[in-house]
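Here are my notes on the structure you asked me to look over.

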Amino acid sequence: MRPAQFLHALFSILILGPPLLARPATGTPVELVVDTAQAGGRIDLTPYALGQGGLSPKPMIDAHIDQLAQLRPRTIRLFVQEYFDLYPKRGRHHWETLDKSIETILAAGAKPLLCLCFKPRALFPKIDQDLVHPTHYREWEKLIFALVKHCNQSRRYGIEYWEVGNEPDIGEDGGCPYRFKPEDYVIYYTHTVNAILRADPHAKVGGPALAGYRNSLGDALIEHCGKGGAPLHFFSWHLYSNDPRQFRQSIKEVKTKLAGYTRLAETETVLDEWNMSLGGPVLAPAFQPAFVLETTYGFHQEGLTRSAYYHIRDVFVVPAEFSSWMSGKGTDFMTHWWNVMPQYDGLWDNQGRVRPAYWAFQLLGLIQGQELSVSGINADVKALAARNGSWNHVVFWNFPASGPGEEVEVVVRFPGNPRGQFRFIKLDASASVNPLALVRHGNSAELEAQPIQMKLDPYGAGWIEVGQ
């Protein structure tokens, strides 16, 4: 849930070094050379997937199942929030409402990553984000055990990732009822993951889904688990920024912290909420899809394990669904943020209209199979390429490393005489119809004498497929 960082300046200014790649001289064409003859190792960008939740007990993505399936998301993160009413009274469970949302995710071809952030009144009788421990931990563990058993044994959902808490460093301002101190979170985390693993020893447990990845709560969890206090199969955090370099920096810093403990050598890194800046988003139509491409490129290069773009669809909230477990101030904030403030993050907006970022994820979904080397990239113009079945796919874009950027002439060559047909398509983010616009097609034999050429505006993107 991401209204929080509009009000909370939790991120320190990151000191970023100069880009590793030089910018091209003004007017100098950028020549990208795709080596289709020497395929490398496996590449699959589908773990860099999607998230939804924290807003409604209804399945929020059910109108877009077929379209989501085309993006090939490996996982979709879902908040297990109090409005699902999982524990209406002591000794009684209610799973049906949550089941509907889980089954919608499965219908889209993804597996849920469940973020546990609910506070049943039976165990937390007072509404207070700073009261974070249940009245009886034994009963809490019994409830978590029952939830995991229901999902993975009774219903056979096959849920692998279980995340403990959502933005526990800021509480209600992150849309959730917990605001932890570091020493309290490690206690709560330990009880919760022990119950999960008793119910399913093959599950992956982690957290803390920090709003600010440098927060001391994360350091406390790493130290606690690094010294054997509890398992930590994945460490998770959130980031909203218009600068893709900040995402790279966060990955580097988290990995450095984990590397300090031998026990955490296999701990995965999960950036499971990310998007443009919430306080100052860039609203030019071409920016967001190019931002998705550039940021995901950084995830791949830095070796991030998994991510969840937040989010799939913008949704209005019903205040009554929050007021029974969130303070009046928290409910008012949620209502104002989601029902009054304009929203820019969803792949679909509140009216169900698709945003250009959708098409960036569609192109990234094609980059799986055998990775192809692309030479000629620089600080602004980058590319990803893969051999997927009988097609070679290349996605390239112009994301200015600094400043407003400039139009760049890009030439794409395919040495080695590829066979079959080719298609060259431009991502036109401003088009309300046919945003993937066919520019050129023909026999691949003609590409040697007449390579692909395109004037790529700042935040422009193209896609080429060449048959084998």
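The points below go from the whole chain to single residues.

1. Overall make-up. Please keep in mind throughout that this is a predicted model. The secondary structure of the protein chain amounts to 10 helices and 17 strands. Its radius of gyration is 23 Å, close to the 23 Å that the globule rule gives for 468 residues, so the chain is as compact as a globular protein of that length. Along the principal axes, the C-alpha trace spans about 75 × 50 × 45 Å.

2. Packing and surface. Of the 468 residues, 57% are buried. Looking at contacts with a separation of 6 or more, 77% are between residues 24 or more positions apart. The accessible surface is about 18700 Å², and carbon and sulfur atoms hold 51% of that. As for charge, there are 45 positive and 48 negative side chains, with the centres of the two sets 4 Å apart.

3. Cysteines. How many disulfides does a search of the whole structure find? The search comes back with zero. Cysteine 115 has the sulfur of cysteine 117 as its nearest cysteine sulfur, 4.1 Å away, and is in no disulfide; a disulfide would need the two sulfur atoms within 2.5 Å. Cysteine 151 is in no disulfide either, and the nearest cysteine sulfur, that of cysteine 115, is 14 Å away. Cysteine 115 is buried at 0% relative accessibility, and cysteine 151 is buried with a relative accessible area of 0%.

4. Tyrosine 161. This residue lies in strand β5 and, at 3% relative accessibility, counts as buried. Which residues does tyrosine 161 contact, leaving aside neighbours within four places in sequence? They are Pro112, Leu113, Leu114, Lys204, Phe234, Glu268 and Arg306.

5. Threonine 269. Here we are in strand β8, which covers residues 268–275. Threonine 269 has a relative accessibility of 3% and counts as buried. Beyond its neighbours within four places in sequence, threonine 269 is in contact with Phe235, Trp237, Val254, Lys255, Leu258, Gly303, Leu304, Thr305 and Arg306.

6. Lysine 227. Is lysine 227 buried or exposed? With 60% relative accessibility, lysine 227 counts as exposed. The residue sits in the loop between α5 (216–226) and β7 (234–240). Not counting residues up to four places away in sequence, lysine 227 touches Tyr261 and Arg263. Aspartate 62 is 165 residues from lysine 227 in sequence, and their C-alpha atoms are 43 Å apart.

7. Helix α10. Residues 357–364 form this helix, and seven of its eight residues are buried, leaving α10 mostly covered. The buried ones are Ala357, Tyr358, Trp359, Ala360, Phe361, Leu363 and Leu364. As background, an α-helix has 3.6 residues a turn, so residues three or four places apart point the same way.

8. Cis peptide bonds. Two sites deserve a look. Glycine 207 and proline 208 are joined by a cis peptide bond with omega about 0°, and proline 208 belongs to strand β6 (residues 204–210). Tyrosine 310 and histidine 311 are also joined by a cis peptide bond, with omega about 10°. Histidine 311 is placed in the loop between β9 (306–310) and α8 (320–323).

9. Positive phi. Most residues other than glycine have a negative phi, and most peptide bonds are trans. Aspartate 85 has a positive phi, near 55°; it is found in the loop between β3 (75–81) and α2 (96–107) and is partly exposed, with a relative accessible area of 34%. Arginine 156 likewise has a positive phi near 55°. Its place is the loop between α3 (137–154) and β5 (161–164), and arginine 156 is exposed, with a relative accessible area of 70%.

Conventions. Residues are numbered from 1 along each chain as its sequence is written. This is a predicted model: local features need pLDDT of at least 70, side-chain atom pairs count only at pLDDT 80 or more; totals for chains, interfaces and linings use all residues. Side-chain values use heavy atoms; hydrogens and water are left out. Helices (H or I, at least four residues) and strands (E, at least two) are DSSP runs, numbered from the N terminus. The radius of gyration is taken over C-alpha atoms; the globule rule is 2.2 Å times the number of residues to the power 0.38. Buried means under 20% relative accessible area, exposed over 50%, partly exposed in between (1.4 Å probe, protein chains only). Contact means heavy atoms within 4.5 Å. Accessible areas come from the Shrake-Rupley method with a 1.4 Å probe; for residues, only the protein chains shown count as cover. Lys and Arg count as positive and Asp and Glu as negative; His and the chain ends are not counted. The place of a charge is taken as NZ of Lys, CZ of Arg, CG of Asp or CD of Glu.
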